[in-house]
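Good morning, and thank you for joining this meeting. Please look at the sequence and the structure on the screen, and we shall go through them together.

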Amino acid sequence: MAENKQDILRQLKEFEKEATAERREARELREDAVGLLTPALLRKHVRAGTGLVLAYGRKGHTVEFTIDDLKRFVAANERAQKNFRREVRGVPLIQLEKSSDPADIQRSRNVRSAMLYKVNKNLLFFSVTGNTRAHYQVRVRLEDWDMALHSTAMPLVSARTVATGRISFDCSCGRHQYWYRYLTSIGGFDVNPPKEQDFPKIRNPGLKGCCCKHVLKVLRVLKSNTIHTVLAGEIERQSATIGFADTVRSRFLKADELRRVSLARGVARNPTEARQAQQKFLREAQEFITDAKKKKSVKEMQGKLKPRHKQKKLHGAMTEVQRKKIVESLHNLSVAVKFNLPGFDLKTGLENLAKEFSVSVADLKGMMQKEGIA
Ligand SMILES: [Zn+2]
């Protein structure tokens with residue numbers, strides 16, 4: 001009997017070894033694969049409304065996918081996400097802020113900076129200034145990141161959605177350790193290790209509050225456009241990766257990105273540098289506004305030149321560029337509505353777009369149907 005058990009154990013160990021080797025081999029093969037339909041490629045073609053041809057094997061065969069095929073892939077993807085929804089992890093950013101202790105919120109106003117410096121898949125690393133120690137590390141996991149990678153929406157829209165959506169977090173400070181880490185563990189919004197299992201019986205027996213001042217500062221930074229721009233770039237990079245998604249490597253931000261995200265905190269380390277960066281930013285902003293004004297006045301002039309009746313039946317006379325612009329806006333609107341972004345509902349959104357592009361709401365709805373925008 002004992003011998004038999006030994007035998008089974010030996011077989012299982014052998015089996016485990018083979019499975020590991022197979023997995024390693026599959027990974028190497030995949031990194032060398034051709035003709036992959038990456039999320040980035042799918043997004044690009046669905047947004048442009050064009051089909052694509054991919055290599056099939058290495059012998060020169062190809063396979064063609066029409067835009068309708070691609071749209072069916074997207075629909076299947078969304079259906080599967082709905083049917084097999086994973087365990088809900090993380091808490092929406094706004095709820096974290098609301099559940100925090102007012103004393104922590106008050107303290108967070110004096111935290112000088114929180115700087116994003118590294119991205120590892122959906123995990124963000126921040127360096128936050130402290131008192132007892134010079135810096136604390138705050139780690140934030142964006143729980144809807146995979147959805148953003150596979151979304152056909154504009155990466156900037158997806159970035160904003162995930163950065164302010166469900167998140168999990170951890171801070172290296174004492175306040176988080178002794179007051180809040182246990183709460184994040186049982187609530188399923190911790191980043192571990194370390195995983196805390198000891199109830200905070202002395203410091204926080206009522207389990208009140210939620211985020212330390214460092215985390216609260218990070219949450220504020222997560223709402224800034226600068227961070228959204230960096231994350232949009234990261235979505236583009238990760239969703240274009242060939243190979244299994246978990247082979248995506250972590251990345252330290254580049255010097256120019258660090259400079260930009262350091263502006264998000266409002267204060268840079270070196271006052272001269274901060275002033276120069278601020279001046280450059282203002283100059284660029286001014287140029288942008290002047291440009292936008294120019295474009296706007298040209299648009300107004302074009303509008304005046306156009307005969308009145310032509311504007312009404314724009315749908316027939318629409319140029320390809322205009323059509324693409326409208327389709328893109330409709331895509332973004334539908335994503336914003338789907339994620340319940342504050343301030344977006346379909347009716348008002350469509351009315352605004354109708355005004356902006358001088359078309360009727362009925363026409364926009366027709367386009368949505370034709371383009372398969374849900
Ligand atoms: Zn902290």
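How many helices and strands does the secondary structure of the protein chain come to? The protein chain has 17 helices and eight strands. Here helices (H or I, at least four residues) and strands (E, at least two) are DSSP runs, numbered from the N terminus.

Two remarks on the source come before the details. Residues are numbered from 1 along each chain as its sequence is written. This is a predicted model, in which local features need pLDDT of at least 70 and side-chain atom pairs count only at pLDDT 80 or more, while totals for chains, interfaces and linings use all residues.

Let me begin with the chain as a whole. Of its 374 residues, 25% count as buried. A residue is buried if 20 or more other C-beta atoms lie within 10 Å of its own, exposed if 12 or fewer, and partly exposed in between, with C-beta atoms placed from the backbone. Among contacts between residues at least 6 apart in sequence, 65% join residues at least 24 apart. Two residues are in contact if their C-beta atoms, placed from the backbone, lie within 7 Å.

I turn now to the sheet. An open sheet of six strands runs in the order β3-β7-β6-β5-β4-β8, with antiparallel pairing. Two strands pair if DSSP finds at least two bridges between them. At the edges are β3 (91–92) and β8 (251–252), each of which pairs on one side only.

Within this sheet, β4 (residues 114–120) and β5 run antiparallel and are joined by six bridges. In this pair, K118 stands opposite F125 of β5. The two strands form a hairpin with two residues between them. K121, in the loop between β4 and β5, has a phi near 55 degrees, a positive value in a residue other than glycine. Most residues other than glycine have a negative phi, and most peptide bonds are trans. K121 counts as partly exposed because it has 18 C-beta neighbours inside 10 Å.

On the side of β6 (residues 135–142), β5 pairs in the antiparallel sense over seven bridges. T129 has H135 of β6 as its bridge partner, and a hairpin through five residues joins β5 to β6. Further along, five bridges join β6 to β7 (residues 166–171), again in antiparallel fashion. There R141 stands opposite S168 in β7.

The next element is helix α9 (residues 213–222). Nine of its 10 residues are buried, so α9 is largely enclosed by the rest of the structure. Among the buried residues are K213, H214, V215 and L216.

The loop between α8 (174–187) and α9 holds P193, and P194 is found in that loop as well. The peptide bond from N192 to P193 is cis, with omega near 5 degrees. The bond from P193 to P194 is also cis, with omega near 5 degrees. L207, likewise placed in the loop between α8 and α9, has a positive phi near 50 degrees. With 14 other C-beta atoms within 10 Å, L207 is partly exposed.

Finally, I come to a pair of helices. Helix α7 (residues 155–163) and helix α10 (residues 225–239) pack at an angle of about 115 degrees, with their axes 8 Å apart. Axes are lines fitted to C-alpha atoms, for helices over the stretch in contact, and angles run from 0 to 180 degrees between N-to-C directions. The two helices are therefore roughly perpendicular to each other; angles under 35 degrees count as roughly parallel, over 145 as roughly antiparallel, 65 to 115 as roughly perpendicular and the rest as oblique. The residues that make the contact include P155, L156 and S158 of α7 and I227, H228 and T229 of α10. By class, the contact residues divide into eight nonpolar, three polar and two charged. In this scheme Ala, Val, Leu, Ile, Met, Phe, Trp, Tyr, Cys and Pro count as nonpolar, Asp, Glu, Lys and Arg as charged, and the others, Gly among them, as polar.

Thank you for your attention.
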